[in-house]
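Hi,

Here is the structure I promised to pass on, with my notes below it. Have a look at the model first, then read on.

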Amino acid sequence: MKACNKATLIGFSSILIWASLVAVVKLITESLSPVSAIALIYSFSAIAILVLNGLPRFQHISKAYVWGCGALFVAYEILFLVSIALSHNHDQVLIIAMINYLWPPLTIVFSILAKQLNYRWPVILGFIISVLGLLLVVNPDILNLHQFLHILQQNPMAYFFAFLGALLWPCYSVMTKKYAQGQNAVPLFFMVTAIALWGIHFILDEAFIFPQLNMWLLIAVTGGLVGIAYSNWNQSLQFGNIKLLILATYFMPVLSSCMSMLILNTTPNFTFWIGTCLVTFGAVICWKSTSEI
């Protein structure tokens with residue numbers, strides 16, 4: 001029981017770090033070339049995890065975990081972070097964050113499909129409320145389909161990347177629960193993610209802007225914290241109270257929006273906050289309507 005409580009608390013620390021990640025990444029990518037900025041952050045993340053955990057023992061790790069979860073992890077990180085970098089302004093950053101935060105209720109749905117959770121019918125209602133909340137965030141005039149399409153057309157690639165990432169992360173969470181078997185390959189996943197980001201940087205022939213000293217410090221701290229957060233989350237998924245952790249993630253939209261508002265100095269409208277609360281409320285209903293098998 002004590003080990004479970006400790007793993008759960010470790011998972012909570014990851015959630016707090018993630019809540020501020022969107023805004024900080026946007027600040028860094030605004031000052032540097034976008035993909036290289038993300039690659040620098042994740043290079044520091046990979047170094048931090050390697051120093052803390054070292055490389056996993058590959059002979060003891062499930063191939064399904066390494067290849068399946070690894071591919072999902074790398075794809076999610078690249079899609080989500082690039083979607084932030086592609087945002088045209090801070091208002092779009094908030095929308096991208098809300099699209100990304102569909103992953104908590106989606107994790108419930110995918111966990112049910114994977115037969116990791118029992119469920120009751122209100123889970124469907126909760127998921128619908130979360131989706132309606134997201135639609136309200138994207139388009140305050142929720143019944144105006146033309147306006148909704150117009151907003152999406154302003155930056156379709158960024159929004160699509162964020163949505164695809166929101167689908168991939170629940171898949172990673174469910175597969176980690178099933179195949180990790182107590183192992184932690186996150187250091188390897190981060191190394192591959194950093195290498196892939198540098199590869200994209202060179203393929204795009206993106207100009208490299210050398211960071212100033214204060215930016216180097218911000219990148220190093222951000223990268224280190226991100227690495228620690230993901231490493232901790234992997235452990236909490238395996239040994240913590242997954243239902244309680246999922247509940248905590250449901251409050252990330254509100255927490256992240258508050259952090260983004262402060263860091264990016266932007267003020268969302270009242271409809272945005274209603275939509276954000278609906279995303280969280282719907283996710284809580286999903287949580288209340290499930291139980292571990």
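Let me start with helix H10 (residues 213-239), which supplies the largest share of a nonpolar surface patch, four residues. Helices here are DSSP runs of H or I with at least four residues, strands are runs of E with at least two, and both are numbered from the N terminus.

Before I go further, a word on the ground rules. This is a predicted model, in which local features need pLDDT of at least 70 and side-chain atom pairs count only at pLDDT 80 or more, while totals for chains, interfaces and linings use all residues. Residues are numbered from 1 along each chain as its sequence is written, and side-chain values use heavy atoms, with hydrogens and water left out.

Back to the patch. Its members are Leu 52, Leu 217, Val 221, Leu 225 and Ile 228, and together they have about 450 Å² of accessible area. The areas are Shrake-Rupley values with a 1.4 Å probe, and for residues only the protein chains shown count as cover. Patches take residues with over 30% relative accessible area and no salt bridge, joining like charges within 9 Å and nonpolar side chains (Val, Leu, Ile, Met, Phe, Trp, Tyr) within 5 Å. A salt bridge, in turn, is a side-chain nitrogen of Lys or Arg within 4 Å of a carboxyl oxygen of Asp or Glu.

H10 holds both Leu 217 and Gly 227. The cut-offs are under 20% relative accessible area for buried, over 50% for exposed, and partly exposed in between (1.4 Å probe, protein chains only).

What does Gly 227 touch, beyond its neighbours within four places in sequence? Its contacts are Ser 45, Ile 49 and Phe 190, where contact means heavy atoms within 4.5 Å.

Not counting residues up to four places away in sequence, Phe 190 touches Tyr 42, Ser 45, Ala 46, Ile 49, Phe 73, Val 226, Gly 227 and Tyr 230. In the largest nonpolar core, which has 90 residues, Phe 190 is among those that touch the most other members, along with Trp 18, Tyr 42, Trp 169 and Tyr 230. The largest share of this core, 14 residues, comes from helix H3 (residues 63-86). Such a core is a set of buried Ala, Val, Leu, Ile, Met, Phe, Trp, Tyr and Cys residues joined through side-chain atoms within 4.5 Å.

Now the aromatics. The whole structure has 20 aromatic pairs. One of them is Phe 160 with Phe 161, tilted, at 6.4 Å centre to centre and 50° between the planes. Phe 208 and Phe 210 have ring centres 6.4 Å apart and planes at 70°, so that pair is edge-to-face. Rings of Phe, Tyr and Trp (its six-membered ring) pair if their centres lie within 6.5 Å; planes under 30 degrees apart are stacked, over 60 edge-to-face and the rest tilted. Phe 160 is partly exposed at 48%, as is Phe 208 at 39%, while Phe 210 is exposed at 60%. There is also an aromatic cluster whose members include Trp 18, Tyr 42, Phe 73, Trp 103, Trp 169 and Phe 190.

Helix H9 (residues 186-203) contains Thr 193, which is buried with a relative accessible area of 0%. Thr 193 touches Tyr 42, Phe 73, Val 74, Glu 77 and Ile 78, again leaving out residues up to four places away in sequence. Its C-alpha atom is 8.2 Å from that of Ala 39, 154 residues away along the chain.

Helix H5 (residues 103-113) is mostly covered, with eight of its 11 residues buried, including Trp 103, Leu 106 and Ile 112.

Finally, check the backbone at two loop residues. Lys 115, in the loop between H5 and strand E1 (117-119), has a positive phi of about 60° although it is not a glycine. Asp 205 lies in the loop between H9 and H10, and its phi is also positive, near 55°. Lys 115 is exposed at 68% relative accessibility, and Asp 205 is exposed with a relative accessible area of 68%.
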